[in-house]
Amino acid sequence: MSDNNSAIVSKVWSFCNTLRDDGVGYGDYLEQLTYLLFLKMADEYTKPPHNRTFSIPKKYNWESLVPLKGAELETHYSIMLRELGKEKGILGQIFTKSQNKIQDPAKLSKIVAMIDSEQWLMMGVKDKGDIYEGLLEKNAEDTKSGAGQYFTPRALIKAMVECVNPEPMKTIADPACGTGGFFLAAYDYIVDHNKLDKAQSKFLKYNTFFGNEIVASTRRLALMNLFLHNIGDIDSDNFISPADALIAQSADKYDYILANPPFGKKSSQTFTNEEGEQEKEDLTYNRQDFWATTSNKQLNFVQHIRSMLKTTGLAAVVIPDNVLFEGGAGETVRKKLLETADVHTILRLPTGIFYAQGVKANVVFFDNKPSSKNPWTKEIWVYDYRTNIHHTLKKNPLKLEDLRDFITLYNPKNRNKRKEIYNPETNPEGRWRKFTYEEIIARDKTSLDITWLKDKSLADLDNLPDPDVLAEEIIENLEAGLASFQQIIISLNKKN
């Protein structure tokens with residue numbers, strides 16, 4: 001990053017900290033920055049050498065905002081946000097349900113001046129993207145905002161993309177795309193590993209990525225994040241739908257699906273009761289193409305993702321432990337998935353890597369297949385990166401290097417040449433082990449929750465993690481328990 005761009009980064013960050021003292025969180029700051037950056041970059045595109053024209057009304061463009069001060073600025077800005085939200089395409093999606101969260105006109109004026117003083121199109125794509133990704137990560141760390149549920153650790157995303165090994169001129173989807181992390185990693189991977197011609201570059205920019213995100217504020221951040229990373233354009237079609245992906249079968253089929261569906265076992269919708277209070281109601285999706293009807297959100301996403309794939313499509317999906325062992329609908333879904341797809345790899349993830357507390361999750365890799373009388377899954381390879389592994393968000397965050405051993409053993413270029421590391425006699429500590437289809441279906445409820453390593457912390461007090469790691473794990477478990485109690489209280493109040 002150049003010295004000039006580094007100075008801009010420092011300016012953006014320092015102003016964020018100033019606003020936090022006034023009670024404006026990272027999320028609110030991010031939203032305002034998104035609105036203003038979008039308008040400023042659109043304005044730069046209308047000038048030489050670009051000389052482009054857009055559908056932004058003249059009275060609500062960037063130049064209409066710059067000369068205003070005080071109450072006049074605040075009033076005009078609020079009206080501008082409301083009116084631009086009525087526009088079509090990405091412009092309308094960026095400004096959907098937008099509001100001015102910076103009530104101090106002097107500070108709003110300073111942000112406008114800060115953005116106006118720079119030529120953002122002159123800045124490298126990576127630098128612009130790094131600024132925005134940095135803000136998204138800071139927002140995820142802000143536990144009060146709850147934004148962490150939309151932010152998957154970037155190291156995990158990169159590892160999943162590297163294993164899937166996406167190729168140019170193919171489509172990539174994420175039915176719960178959050179702020180677009182999987183799209184950005186896949187974009188970078190394709191650019192870094194291929195010499196793209198003009199047609200391939202255009203396809204990558206406009207026709208590769210498709211997603212759903214039902215939360216308007218998160219969808220806005222995703223669209224801006226992709227735009228700053230050179231995916232899509234100001235006047236291009238909107239490729240992130242606001243629709244609930246689970247409502248109906250996807251009209252299109254995709255080559256790759258990379259996803260981390262939202263945590264929480266049940267699908268629900270929020271509504272306002274007669275007393276004006278917000279309540280949640282469990283959702284059950286009655287889809288003819290689903291193998292099982294359930295309100296378990298995770299199981300519904302697994303079924304939906306399988307239905308979105310082309311017959312040659314590949315998927316890598318983050319799912320919690322309950323999807324691997326739950327009976328009833330869970331067992332039905334697992335058996336059907338093993339039969340209709342090649343479920344070839346499971347990565348058991350450690351705790352302490354997600355902003356949502358207390359999550360025990362896995363990455364399941366599977367390849368879709370055409371109809372067949374015989375099950376497509378022949379063997380499942382499991383990499384246990386959970387047992388005796390200790391990560392925390394701040395002291396010991398997950399890094400891509402931590403997953404390098406898994407990626408090497410996964411062997412993205414040739415999965416047929418995999419070799420087991422585990423051996424009960426010579427290497428009982430081996431984390432990479434193969435299980436046949438027959439071994440899997442013989443397990444109780446066809447459970448895929450498989451572990452074979454001894455937990456040293458249970459057997460040997462000398463191998464306990466450091467006190468600060470233990471403390472963070474205790475806090476995570478307490479917060480997860482508190483969240484569960486809060487849901488119970490809401491349910492009890494609803495029944496009464």
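The charged end of Arg 52 sits over the ring of Tyr 45, 4.7 Å from its centre (a charge sits over a ring if NZ of Lys or CZ of Arg is within 6 Å of the ring centre and within 35 degrees of the ring normal). This is a predicted model, where local features need pLDDT of at least 70 and side-chain atom pairs count only at pLDDT 80 or more, while totals for chains, interfaces and linings use all residues. Residues are numbered from 1 along each chain as its sequence is written, and side-chain values use heavy atoms, leaving out hydrogens and water.

**Aromatic pairs**

- Searching the whole structure gives 15 aromatic pairs; rings of Phe, Tyr and Trp (its six-membered ring) pair if their centres lie within 6.5 Å, and planes under 30 degrees apart count as stacked, over 60 as edge-to-face and the rest as tilted.
- One of them is the tilted pair of Tyr 383 and Trp 432, at 6.1 Å centre to centre with 55° between the planes.
- This pair links distant parts of the chain, 49 residues apart: Tyr 383 is in strand β10 (residues 379-384) and Trp 432 in strand β11 (residues 432-436) (strands are DSSP runs of E, at least two residues, and helices of H or I, at least four, numbered from the N terminus).
- Both Tyr 383 and Trp 432 are buried, meaning under 20% relative accessible area with a 1.4 Å probe, protein chains only.
- The planes of Tyr 422 and Trp 452 stand at 65° with ring centres 6.0 Å apart, so this pair is edge-to-face.
- Tyr 422 and Trp 452 are both buried.

- Phe 365, Trp 381, Tyr 383, Phe 406, Tyr 410 and Trp 432 are linked into a cluster by ring pairs.
- Over the face of Tyr 410 lies Arg 418, at 4.5 Å from the ring centre.

Terms used
Buried means under 20% relative accessible area, exposed over 50%, partly exposed in between (1.4 Å probe, protein chains only).
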